[in-house]
Amino acid sequence: MTPADDTRTEVQRAAADRIGRVGVWTFTLDTQPWSQAADTAAEIESLGYRAIWVPETVGRDALVNSTLILGATRTIGVATGIASIYGRDAVAMACGQKAVAEAFPGRFLLGLGVSHAPMVQGLRGHSYEKPVETMRAYLEKMDASPYMAAAPQETPPRVLAALGPRMIGLARDLAAGVHNYLVPPEHTAYARERLGPGPVLAPEQAVCFAADAEEGRRIARGHLRGYLRLPNYVNNLRRLGFSEDDIAGEGSDRLVDAIVAWGDEEAIAARVRGHLDAGADHVCIQVLGAQLTTVPVDDWRRLAPAVTGL
């Protein structure tokens, strides 16, 4: 094993250590004034979840939001799921990552992604280039960027939003691992096979408490509606064997049930175990409420005993 291999392994282990086995993925902290969101983040930590994952669309800036959450908590890991590479250039991203990592040693994980063409072109006004080639060049620029401030004690880890085989391969080679979103355990097994045993694999799993299939699928379809219009996700579902009929409209029952785990605590915990058994190091759980913008504090409390010990 070369020194470069040793360093990569250390960074991968550091990434796994900071997020533990089970975390919370949520955009709902953005719906609260920060004074309330800070208390909510502290409660998530107190419930035993090991990480809080925050997205980046048109809410709080991902790096700013991560810093706020880290400051409001004591030990929990915070990860971006994901920070868009079109949101800041590679030098700015590298400097931001190092600044947060230095201020909160061992607690910050930078998740990077290429986002989606409608957001990059229609919202940000950039050209959406070839994803893998663009990400590779971006990571190389990050690695080459100067940093004149106080440096973090260790090389800060990063993971990539990766669904297809080429992006997963890039994450294996130039990052600490993969954060995959909107996937069943079958994709987790697929990703682990391509990553090999070392890199971190942290899938997101959407869940909802529901008394029956009708309620569970109604909530799930409300969540999936927008994603089924985005080519990155649709193409991945096709790779997983879903048909055009499955993907059409608001999704077939088969697709909805594969992507969103609904039911009681036992049913949700079983899906989380499915990802772990398929090779995940960590599962970040996105709890869907009956109203998708509601902060699901009661559901996080109800779910914690069933999943935080997995």
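Tutor: Start at valine 272. Leaving aside residues up to four places away in sequence, valine 272 touches Val22, Val283, Ile285, Val307 and Leu310; a contact means heavy atoms within 4.5 Å. This is a predicted model, in which local features need pLDDT of at least 70 and side-chain atom pairs count only at pLDDT 80 or more, while totals for chains, interfaces and linings use all residues. Residues are numbered from 1 along each chain as its sequence is written, and side-chain values use heavy atoms, with hydrogens and water left out.

Valine 272 sits in helix H13, residues 265-277. Helices (H or I, at least four residues) and strands (E, at least two) are DSSP runs, numbered from the N terminus. The relative accessible area of valine 272 is 0%, so valine 272 counts as buried. Buried means under 20% relative accessible area, exposed over 50%, and partly exposed in between, with a 1.4 Å probe and protein chains only. Cysteine 284 is twelve residues along the chain from valine 272, and their C-alpha atoms are 8.9 Å apart.

Now leucine 224. Leucine 224 belongs to helix H9. Its relative accessible area is also 0%, so leucine 224 is buried. The contacts of leucine 224, again without residues up to four places away, are Leu182, Leu255, Val256, Ile259 and Val260. Alanine 137 lies 87 residues from leucine 224 along the chain, and 31 Å separates their C-alpha atoms.

Next come two helices. In H7, the buried residues are Met167, Ile168, Gly169, Leu170 and Ala171. H6, strand E6 (158-161), E7 and H8 are among what covers them. H8 spans residues 185-195, and its buried residues are Pro185, His187, Thr188, Tyr190, Ala191, Arg192 and Leu195. Those residues pack against H7, strand E7 (177-179), strand E8 (200-201), H10 and H13. H13 is the helix that holds valine 272. Just after H8, glycine 196 takes a positive phi of about 85 degrees.

Turn to empty space. Rolling a probe the size of a water molecule over the atoms shows where empty space is left. On a 1 Å grid over the protein atoms alone, a cavity is a set of points where a 1.4 Å probe fits but cannot get out; a pocket is an open set with protein on both sides within 12 Å along at least five of seven lines; lining residues have an atom within 4 Å of a point. Points are joined across faces, edges and corners, and a volume is the space filled by probe spheres set on the points.

The largest pocket has a volume of about 1,000 Å³. It is lined by 48 residues, and Ser115, His116, Tyr181, Tyr227 and Tyr233 are the closest to its centre. Elements that give two or more residues to this lining are helix H6 (131-144), helix H7 (165-174), helix H9 (213-224), helix H10 (231-239) and strand E11 (283-287). H10 gives the most, with four residues. The lining of the largest pocket divides into 22 nonpolar, 19 polar and seven charged residues. Here Ala, Val, Leu, Ile, Met, Phe, Trp, Tyr, Cys and Pro count as nonpolar, Asp, Glu, Lys and Arg as charged, and the others, Gly among them, as polar.

Serine 115 deserves a stop. Serine 115 is in the loop between strand E5 (108-113) and helix H5 (117-123). With a relative accessible area of 15%, serine 115 is buried. Beyond residues up to four places away, serine 115 touches Ser84, Val120, Tyr128 and Asn232.

The whole structure holds one cavity of 30 Å³ or more. The largest cavity has about 50 Å³ of space. H5 supplies the largest share of its lining, three residues. The lining of the largest cavity comes to three nonpolar, three polar and two charged residues.

Last, step back to the whole chain. The chain has 14 helices and eleven strands. Its radius of gyration is 18 Å, close to the 19 Å that the globule rule gives for 310 residues, so the chain is as compact as a globular protein of that length. That radius is taken over C-alpha atoms, and the rule is 2.2 Å times the number of residues to the power 0.38. The C-alpha atoms fill a box of roughly 55 × 40 × 40 Å along the principal axes. Of the 310 residues, 54% count as buried.
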